[in-house]
Amino acid sequence: MMKTRRLALLLANALLVTVLCATIGEAQQDQPALARQLLQGSRAERSRALDTARALGARNTGPELRAALITLLDRNNRTVADAVTRKEPVATFEDPEFIAHVAHVVSQLEDAQAIPALAGALGTGSTLVRDALADFGERAAPAVLAVVTSPERHYSAVDEGLITLRFMVEGTGPRPLSAGTLDQIRSAARQRLTGKQYFTTLWRAIDLAVALNDPGLRQIVQALASDATEVTARGVTNPDLIARTQQRATQRLAGGPSTPRYRSPTERSQRLAPRSMR
Amino acid sequence: MVPLGPLPHVAAQLKRHGFVRFMKTAFTRFCMTLVVVLLAGGCGSDEVLSPGTGPGTLMADFVPVAGGTVTVPIPNQATPEGQAALPTFSRRTLLRATMTGTVEITASPYNPGGAGLPEPGQARTVGLPGFQYNASGLYYCGAQLRVAYSSGGFVIPCVAGESMDTVVSAQGFFYAGAGEAGTAFRTAGSPNAWYCSKPGGPTGPCWYYSTAGQTVTIERVTAELNVTATPTTVNYLDTVTVTVSISPAQAGGFNVPWTIDSVRWVADSFGTQVSPCTWNLFVPNTGDAPSRTCRRPFSRSGTLTVSATVSGDLKQKAVRIEVTPPQLKVTASPASIPSAQSVTFTASVTPSWVTWSLSGSGWTWRPDSGTGGISPSNCWWYEKTCTRTIAKSGWMKATATVGEYALKDSARVLLGTPPRLQLAADKQAITAGETVTFTTSAGGEPYTISSWVYRVDSTSQSVACGTALQCVTPLTTTGTMWVFGAVLDRPDSASAAVEVAGVACDDIVLTIIGEYETFQVNLQPTCPDFSDHGGTAHFSWSELNGGFEDGNPHEPWGMVRAALTTGLEATRTNYNRGGIRLSSGYRCPHGNTAVGSTAPQTSYHMHGRAADMFSSDHTWTEDEFNLLKTAADATGPIESFLWTEYPDHHYHAAW
């Protein structure tokens, strides 16, 4: 009697293990298919595959699907860059919302291999990219610095890069930045506070300079706050924009908070849930 | 006495009356002028008629009625006299006098005319150039308010080619009262007069003044009394700043006079208490400073009422001050014991810095049954912390005195295993939006609640019930309410599930929901997600819900999330450059595809979280786009697109 009961228990356990393995295996087998759909499928297939990848979550996303997502983000980055170079609307080549959604999903992977692609996606529509890069801290700093200091990059990418660096300086990363990285960030801030800049770039550079609390940079910001000709010298000639630039510099020097603010991975995850923010 | 005329007549008078008589008359005139000048000096800014330099100034009487309107009576002659009573103000009062109208001067039949003089009967409007008040002259002038009409000093009416502006109003301020009896205004009298005579004819006034058309309004300058306390809610003996102020504090450059007459304090408990802020504790205590403050510690809740006289008006304002009484807290550690063992009892008072002592017997041990259960003795009154061996379940009570407060608190010690936290819902199945009452318990033992959370699927939503033992909340989705707390000192949690049934859906809404399935959108909305109305202060429902013809043909039904409306309103505030026009808000799945979206499964427009925008009031340039984008970025959208994204350069953001 005892032997029969023990045998039945063993069989039940074996069945359960088989079913679980089959289920997990199926999910794993799905991911290469999703990866293929992401890179080779029609627009509708890509959109569906992307949403499936989002729903899987970073923990359940295997290496092949991760690689496909990062590749797709890279491809989108090139599309945006080409469109900007050609001075044609991005929407002519790819749906901007799809581009942003790919960046959303990759930003949630928390995968260091995605850093270059994420840095390339700065300023392409997803505001979650900068938060994700800031989470990497020191590891992502060189890629972001390359964007910020590049004379070829569109001002929107530079702006988002400056915001990302500010998040890093404000201490959102896993550990404090090294002295060398901080030096490079100070140098980047100085570069964007001097010379001709688009007004939004100047604004983001002011925010970063104040966050760095470097006497030299603060002096530049103080000069911008007190002397309109200093603003004009940066290429901002519209009187209203000059006034707004000076106002921003004054407020930041007085300790006014910089916006946008950093969002944690949990907050970002909640914002991406389809039923969030009701 | 020889009547004196204007200077152009000097030669004629000399010829007519001789030198001695002329000099005599001139001396008399000089003395009279001197008297008037001296009188005027006492009245501050009063303008003095100077006979011989023109028809000069006419001073008229009026009856100043506080808050009323009076017509100024002007006698039909050049030497008006009269008097009228000023009202009596028992307290110092600031009055505003406003005069409107015009004055006409007519040359009299006595006016000889010729040689630049007007012919008799000729009239001229000379206006109201102003009036004076005795700003500080109550003592010297007997509270006179003098209204003066002037033709402009040297101007003689009806001189050909002469022009003069007509001034139709004048305004001035003056103080009255301070216990002075009402006094009357009297005109200066004969020195004001100009007398004329035709050669050989009778003598009389040179001009007549019009008798109507002037109005003087006298009104009391009023001000509001304000009383504030900062902060209004404090802990026992915290300092509160009480500020009494008036608004406006000035009128026409004059301070509004006010005094604090009394301060009444009615404490809520323990009978009467001297006001922490009496009238003499407010600084500054004198003068007409716009505000006065008193900083004092408060030990009880109550109402402070300030009575003040503001520009003669008695006013009263009160402010409520809430004082959180000191609290005695008794703890037992551990609060639950498996068998007889040492337990430490601690009594503490909040705020911690106040002086206090245990009162009466200090500690009282009450076992659940019988007596004893504590050894070797009860805690002593001088011990604020004591450790004893406890062998029975029971309560340890402490009493303390802090100022006028007698405080007590107890701590429970349980011998045995504490009961579990329980949660009960008054309904297990509801329709969406119905309210459910969740009630906690712990088998009669003391417990505390730290938080409430409602879980739907794998997501948790905080419920705003704080640390309450009962939570009443409407629910729209099937889920489980979790409550977290501690029974005695052991952390615990409990849950209760609630099933929410679907609600009846409008057919149109069912159609829209069907589209989400047809187009395989990554969202499956339910009936409560949709509405047929809404909108915010600056964005209409039709803008938010579609914004263009093809976006949502199911109007007025649509789905707009709070995240979108909050984000848009915040963006508009940050933008601070006028309106924002939405070209697209919510799109149903069909509409989203119809407008050419290539994100047919995922567009946030279908989630009611995205909007496409332009400026309403500014030319749409790249700079303007970026001003709007910067404003939106500060509100934390998850999507914020570039100028180069779309052919029409609209700004797309999603929250």
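# Helix packing, a sheet and a chain contact

Tutor: In this predicted model, helices H2(A) and H4(A) cross in a left-handed way.

Student: What makes the crossing of H2(A) and H4(A) count as left-handed?

Tutor: The term applies if the near helix is turned anticlockwise from the far one by less than a right angle, and the crossing of H2(A) and H4(A) is assigned to this class.

Student: At what angle do helix H2 and helix H4 of chain A pack, and how far apart are their axes?

Tutor: Helix H2 (residues 43–56) and helix H4 (residues 96–107) of chain A pack at an angle of about 25°, and their axes are 10 Å apart. Because angles under 35 degrees count as roughly parallel, H2(A) is called roughly parallel to H4(A).

Student: Which residues make the contact between H2(A) and H4(A)?

Tutor: H2(A) brings A:Ser47, A:Leu50, A:Ala53 and A:Arg54, while H4(A) brings A:Phe98, A:His101, A:Val102 and A:Val105. By class, the residues of this contact are five nonpolar, two polar and one charged. Arg counts as charged, so A:Arg54 is the charged residue of the contact.

Student: What makes strand E19 and strand E20 of chain B a pair?

Tutor: Two strands pair if there are at least two bridges between them; strand E19 (residues 302–310) and strand E20 (residues 313–324) of chain B have nine bridges, in the antiparallel sense, and therefore meet that requirement.

Student: How many residues does each chain give to the contact of chain A with chain B, and which helix of chain A gives the most?

Tutor: Chain A gives 36 residues and chain B gives 35 residues. H2, helix H3 (63–86), H4 and helix H10 (199–212) of chain A each supply at least two residues to the side that touches chain B, and H4(A) gives the most, with six residues. That side of chain A divides into 16 nonpolar, 11 polar and nine charged residues.

Terms used: Residues are numbered from 1 along each chain as its sequence is written. Chains are lettered from A and ligands numbered from 1 in the order in which they are written. This is a predicted model: local features need pLDDT of at least 70, side-chain atom pairs count only at pLDDT 80 or more; totals for chains, interfaces and linings use all residues. Axes are lines fitted to C-alpha atoms, for helices over the stretch in contact, and angles run from 0 to 180 degrees between N-to-C directions. Helices (H or I, at least four residues) and strands (E, at least two) are DSSP runs, numbered from the N terminus. Angles under 35 degrees count as roughly parallel, over 145 as roughly antiparallel, 65 to 115 as roughly perpendicular and the rest as oblique. Two residues are in contact if their C-beta atoms, placed from the backbone, lie within 7 Å.
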